[in-house]
Amino acid sequence: KSSGEGNANGKIILMGEHAVVYGEAAIAFPFQPTHVTAEITEHPYDQLRSGYFVGPLIKAPKSLENIKTLIRQLRHDFTAPPVQITISSTIPAERGMGSSAAVAVAITRAFFDWQNSPVSHETLLKYVNYAEKISHGNPSGIDAAATAGSEPILFQKGAAFETFPINLSAFLIVADTGVKGKTRQTVKAVAQRFEQDKKTTSPLIKELGDLTLKAKQAILNNQARYLGELMNAAQKNLAALQVSDQTLDNLIAVATKNGALGAKLTGGGKGGCMIALAADYTTAKKIATALTNQGAKATWIQELGVYQYA
Ligand code: MEV
């Protein structure tokens with residue numbers, strides 16, 4: 001083939017971020033309003049074209065080390081010639097939406113497509129997690145699994161993940177704080193805390209996992225109000241783990257004041273995005289407008305009950 005194409009969605013973690021690194025359950029789903037596509041063609045030398053960087057891959061900044069390593073590995077495994085990778089993405093980078101994993105999913109799919117070779121889910125995740133190790137240090141693998149799939153997942157490290165339908169009549173509002181999230185740092189900070197003060201840290205993490213399992217039941221039973229309470233409880237624990245910050249806390253308070261059933265940070269924290277749950281579209285719009293007025297850089301609304309499987 002003269003070229004290959006691949007794509008992936010952004011992702012939202014509904015419940016269980018950080019705890020998932022310690023083997024607890026987490027719920028994530030592909031977030032359809034955001035996506036990335038990658039195109040691969042043969043080129044005299046490895047070259048990257050993206051909104052962020054255009055030029056020879058060897059000159060790409062350190063933050064793109066994950067892509068460099070991934071391409072090097074794919075080329076090696078296929079004994080393939082140099083390539084040009086064109087990436088176009090609507091997933092904001094470093095906002096807890098899984099943009100690094102999604103880019104790796106899209107590139108790996110494009111590469112296999114170019115090589116005319118089908119790629120199993122397992123192989124895809126192997127390459128993506130390889131790239132994610134470079135981006136995030138110690139990833140649980142949830143970002144890879146959520147951005148590669150097209151359904152909501154209940155994810156637990158090392159276990160086969162479960163997909164399940166979102167049976168909930170409610171709306172999810174996602175707001176970007178406009179501040180770069182710091183997944184690598186927050187994951188490391190929680191790990192340090194875990195080592196230094198296991199006695200208080202361990203129950204916080206365990207409880208986050210329990211809240212996730214309850215959230216799954218709330219979703220299956222269409223209990224939006226209860227899910228909102230569980231989200232609020234999770235945010236309390238995430239704040240106690242010190243992965244929230246003033247900007248996130250402010251937007252969470254704004255959402256609550258404007259009728260959200262629950263609100264929390266999503267993803268790595270310390271910047272990035274927050275999410276809020278609303279019972280109906282009118283409230284969701286009101287919350288989104290209030291969040292924008294209070295400084296959110298971008299907002300999205302997704303109806304959960306009519307989740308469209310890609
Ligand atoms: C990042 O999207 C989610 C974290 O739980 C890290 C991980 O699972 O790798 C914070």
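Contact between the two domains involves 32 residues of domain 1 and 42 residues of domain 2. In domain 1, the residues that lose the most area to domain 2 are M15, H18 and R95, which together account for 25% of what that side buries. The model is a predicted one. Its protein chain is divided into domain 1, covering residues 3–162, and domain 2, covering residues 166–303. Their C-alpha centres are 24 Å apart, and the two domains bury about 3,100 Å² between them, with 66% of this area on carbon and sulfur atoms.

Polar contacts also cross the boundary: 14 residue pairs are counted between domain 1 and domain 2. On the side of domain 1 that touches domain 2, the elements giving two or more residues are β1 (3–15), β2 (26–42) and α3 (121–136). Of these, β2 gives the most, with 7 residues. R95 forms a salt bridge with D176, in which the closest N and O atoms are 2.6 Å apart.

## Salt bridges

The count of salt bridges comes to 9. One of them joins the side chains of D113 and K1, at 2.7 Å from N to O. This pair links distant parts of the chain, since D113 belongs to helix α2 (residues 99–114) and K1 to the segment before β1, 112 residues apart. D113 has a relative accessibility of 24% and therefore counts as partly exposed, whereas K1, at 53%, counts as exposed.

A salt bridge also connects D143 with K11, at 3.0 Å from N to O. Because D143 lies in helix α4 (residues 142–148) and K11 in strand β1, the pair ties together parts 132 residues apart in sequence. Both D143 and K11 are buried.

The side chains of D210 and K206 likewise meet in a salt bridge, at 3.0 Å from N to O. Both residues lie in helix α6 (residues 198–220), 4 residues apart, which is about one turn of the helix. D210 is partly exposed at 30% relative accessibility, and K206 is partly exposed at 43%.

Strand β9 (residues 262–266) is mostly covered, with 5 of its 5 residues buried. It runs antiparallel to strand β10 (residues 273–278), to which 5 bridges join it. Within this pairing, L265 stands opposite M274 of β10. The two strands, β9 and β10, form a hairpin with 6 residues between them, and G267 in the turn has a positive phi of about 90°.

Terms used: Residues numbered from 1 in each chain as written. Predicted model: local features only at pLDDT ≥ 70, side-chain atom pairs only at ≥ 80, totals over all residues. Heavy atoms only, no water. Buried < 20%, exposed > 50% of the residue type's maximum accessible area, 1.4 Å probe, protein only. Pairing = 2+ DSSP bridges. Domains from an automatic or database assignment. Contact = heavy atoms within 4.5 Å. Buried area = accessible area lost by both parts, 1.4 Å probe. Salt bridge = Lys/Arg side-chain N within 4 Å of Asp/Glu carboxyl O. Polar contact = N/O pair within 3.5 Å; in protein donor to acceptor, adjacent residues only side chain to side chain.
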